[in-house]
Every structure is written in C-alpha cells, then in structure tokens.
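Subject: Structure handover

Hello,

Here is the structure I promised to pass on. Please open it beside this message and follow along.

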Amino acid sequence: MLNRLLRASMTKILGPIAHLFLRLGISPDVVTIVGTLGVCVGALAFFPRGQIWVGVLVITAFVFSDNVDGIMARESGRSSKWGAYLDSTLDRVGDAAIFGGLVLFYAGRGNNQLMAGLALSCLILGSVVSYAKARAEGLGYTADVGIAERADRLVAVLVAAFFADLFDSTLLLGIVLGLLAVASFVTVLQRMLTVRRQALASGEVGA
C-alpha cells in the first residue's frame with residue numbers, strides 16, 4: 001500500500017540526490033550495498049544495547065537508499081535483472097537485521113521473552129512472505145497479493161519502536177509486532193492460495 005501511495009512523492013524528494021550520485025559517478029549497486037550496510041549497523045549496533053530510537057534514526061537515514069538506487073537505475077538506463085536481484089536480496093538482509101536486532105535486545109538486556117518471541121515471529125514470517133513470492137515466480141506463477149508488504153512492515157515497526165523507546169513503553173511495539181506477525185501469516189496463506197488456484201487452472205495439481 002505504501003509503495004503505491006508514496007512512490008511518486010519519494011521520487012520527487014529523492015530525485016535530486018539520485019541525480020547528484022550519478023553525476024559523481026556512483027553506481028546504483030554501490031548505493032544498494034551501502035544502504036543495506038547502514039541499515040544493518042543501525043539495527044545490530046544500537047538495538048541490542050537498548051538504544052532503539054538512535055538505531056531507528058540511523059536505519060531511516062539509510063533505508064531510503066532502496067528508492068534512490070531505483071531512481072538512479074531508471075535515469076541512467078542501468079536497470080537490469082542483476083540490479084533487481086541484488087536489491088531484493090539485500091532488502092531481505094536489512095529486514096532480518098531490523099527484527100533480529102529487536103530479538104537480541106528483548107532476549108538479552110530487554111529481558112522480555114514475549115517481545116523477543118513476537119519479533120522472532122515477524123522475522124521468520126517476513127522471510128516466508130518474500131520466499132512465497134520468489135518461489136512462485138521461479139515456478140512461473142504470480143503471487144503479488146497480501147496485506148503485509150515490505151514497506152508497510154518496515155514503517156510500522158520503525159515508528160512503533162521509536163516511540164516505544166522514547167516513552168519507555170513496550171505496549172505499542174508489542175501490539176504492532178503482534179499485528180505484523182498475524183498480517184504476515186495471512187499474507188503467506190494468501191500467496192499460497194493464489195498459487196494453488198493458478199496450479200489448478202493449469203491442471204498441474206489434482207482438484
């Protein structure tokens with residue numbers, strides 16, 4: 001949902017940055033890699049130490065590289081299957097780092113097993129959401145459905161984590177993590193059912 005609503009606005013805002021990077025001779029792949037490293041550092045260096053709001057700010061500073069590299073690729077004519085593959089793969093790394101950082105904090109210094117379990121559930125189910133789509137496409141199907149897309153999950157968890165740490169309360173983050181886990185599970189089911197309908201229609205499985 002957020003991808004569709006904000007894409008045009010983010011292109012206008014980040015376009016000048018993308019153009020500057022191109023003039024400096026920076027490739028979209030470099031932006032993708034540096035952005036992912038920044039997200040991982042923000043999540044894994046600050047979250048486990050309890051510096052959640054600081055980590056969120058660092059992550060936010062780098063997470064928009066996902067938009068910048070796309071603009072750069074389109075503007076420079078460098079869009080390629082390799083670039084799309086690299087971007088998608090490193091997106092999964094960044095997502096895992098964010099939820100993994102929360103797991104490390106709540107399983108350690110945060111001392112909250114419930115929150116650790118919720119964050120771990122989001123990490124696992126988020127990975128399955130991505131895999132369900134990628135595997136479907138690898139088999140020639142489509143699975144572009146679901147109520148928990150990547151941008152929605154990221155915005156929800158980062159905003160909730162920021163304010164939970166700022167106001168020293170885990171309630172908001174706990175609710176958001178729980179909802180994200182449920183939404184991710186529903187999305188996996190939606191994608192599985194979508195692929196099954198396509199398989200049935202093509203006669204590749206028995207009714």
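Start with Asp 66, which has 23% relative accessibility and so counts as partly exposed. The cut-offs explain the label: buried means under 20%, exposed means over 50%, and partly exposed is in between. Keep in mind that this is a predicted model.

Asp 66 is found in helix α4. Which residues does Asp 66 touch, not counting those up to four places away in sequence? They are Asp 87, Asp 91 and Arg 150.

Two of those names come up again in the UniProt record. An unreviewed entry there places a "binding site" feature at Asp 66, Asp 87 and Asp 91. These residues are spread over 26 residues of sequence, yet they cluster in space. The largest C-alpha distance among them is 8.0 Å. Asp 66, Asp 87 and Asp 91 also belong to the lining of the largest cavity.

Now look at Asp 87, in helix α5. Is Asp 87 buried or exposed? Its relative accessible area is 18%, so Asp 87 is buried. The cut-off for buried is under 20%. Leaving aside neighbours within four places in sequence, Asp 87 is in contact with Thr 32, Asp 66 and Asp 69.

**The other annotated set**

Find Asp 29 in helix α2, which covers residues 28–46. Asp 29 has 25% relative accessibility, so it counts as partly exposed. With neighbours within four places in sequence left aside, Asp 29 is in contact with Trp 82, Gly 83 and Leu 86.

Arg 74 is in helix α4, residues 65–76. At 53% relative accessibility, Arg 74 counts as exposed. The reason is the cut-off: exposed means over 50%.

Stay in helix α4 for Ile 71. Ile 71 has 3% relative accessibility and therefore counts as buried. Ile 71 and Gly 108 are 37 residues apart along the chain. Their C-alpha atoms are separated by 40 Å.

**Two helix pairs**

Next, the packing. Two packed helices are described by the angle between their axes and the distance between the axes.

Take α5 and α6 as one case. Helix α5 covers residues 81–107, and helix α6 covers residues 113–138. Their axes are 7 Å apart and the packing angle is about 165 degrees. The crossing of α5 and α6 is left-handed. Residues of α5 that make the contact include Arg 92, Phe 99 and Tyr 106. On the α6 side, they include Gln 113, Met 115 and Ser 130.

The other case is α3 with α7. Helix α3 spans residues 52–63 and helix α7 spans residues 150–166. Their axes come within 8 Å and cross at roughly 150 degrees. That makes α3 roughly antiparallel to α7. The crossing of α3 past α7 is left-handed.

Which residues of α3 and α7 meet? From α3 they are Ile 52, Trp 53, Val 56, Leu 57, Ile 59 and Val 63. From α7 they are Leu 154, Leu 158, Ala 161, Phe 162 and Asp 165.

**One more residue**

Last, go to Thr 187 in helix α8, residues 171–201. At 0% relative accessibility, Thr 187 counts as buried. What does Thr 187 touch, not counting residues up to four places away in sequence? The list is Val 129, Val 145, Gly 146, Ile 147 and Ala 148. Thr 187 and Leu 125 are 62 residues apart along the chain, and their C-alpha atoms are separated by 9.2 Å.

Best wishes

Notes. Residues are numbered from 1 along each chain as its sequence is written. This is a predicted model: local features need pLDDT of at least 70, side-chain atom pairs count only at pLDDT 80 or more; totals for chains, interfaces and linings use all residues. Side-chain values use heavy atoms; hydrogens and water are left out. Helices (H or I, at least four residues) and strands (E, at least two) are DSSP runs, numbered from the N terminus. Buried means under 20% relative accessible area, exposed over 50%, partly exposed in between (1.4 Å probe, protein chains only). Contact means heavy atoms within 4.5 Å. Axes are lines fitted to C-alpha atoms, for helices over the stretch in contact, and angles run from 0 to 180 degrees between N-to-C directions. Angles under 35 degrees count as roughly parallel, over 145 as roughly antiparallel, 65 to 115 as roughly perpendicular and the rest as oblique. A crossing is left-handed if the near helix is turned anticlockwise from the far one by less than a right angle, and right-handed if clockwise. UniProt positions are given in the numbering used here, feature names are shortened, and annotations may be inferred rather than shown by experiment. On a 1 Å grid over the protein atoms alone, a cavity is a set of points where a 1.4 Å probe fits but cannot get out, and a pocket is an open set with protein on both sides within 12 Å along at least five of seven lines; lining residues have an atom within 4 Å of a point.
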